Amino acid sequence: MMKAKIKVTLKNGVLDPQGKAIEGALGHLGFGGVGEVRQGKYFEVEIAETDHAKAKEQVKAMCEKLIANTVIENYDIELA
């Protein structure tokens, strides 16, 4: 078994209203000096595969087909 850790973030230039809301809320809570905030998603997926290259290809396919909206999101995969 391998575990894939997947981080999904919005591409540069894509508006991030949730990140803006968090940024504003942090300022209202007294956290000064906070710059731009961008939010994202994190997934952990267990895969019944022992070959690193095959596992990476499977997870990449999962990201392309379901986990990430590749029009507006980037994803990064880490296998452990």
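β1 and β3 pair in the antiparallel sense over seven bridges; strands count as paired if DSSP finds at least two bridges between them. Within this pairing, I77 of β3 is the bridge partner of I6. The model is predicted: local features need pLDDT of at least 70, side-chain atom pairs count only at pLDDT 80 or more, and totals for chains, interfaces and linings use all residues. Residues are numbered from 1 along each chain as its sequence is written, and side-chain values use heavy atoms, without hydrogens and water.

The open sheet has three strands in the order β2-β1-β3, with antiparallel pairing. β2 and β3 are the edge strands, each with a single partner, so one side of each lacks a neighbour in the sheet. Helices (H or I, at least four residues) and strands (E, at least two) are DSSP runs, numbered from the N terminus.

α2 packs on this sheet and touches β1, β2 and β3. Contact means heavy atoms within 4.5 Å. The strands below are among what covers the buried residues of α2.

| Strand | Residues |
|---|---|
| β1 | 2-10 |
| β2 | 40-47 |
| β3 | 73-79 |

Which residues of α2 are buried? They are A55, V59, C63 and I67. They cover an arc of only 80° around the axis, which puts them on the same side of α2. The arc is that of the directions from the helix axis to the C-beta atoms. On the other side, A53, K54 and K65 are exposed. Buried means under 20% relative accessible area, exposed over 50%, partly exposed in between (1.4 Å probe, protein chains only).

Note on methods
Axes fitted to C-alpha atoms, helices over the stretch in contact; angles between N-to-C directions.
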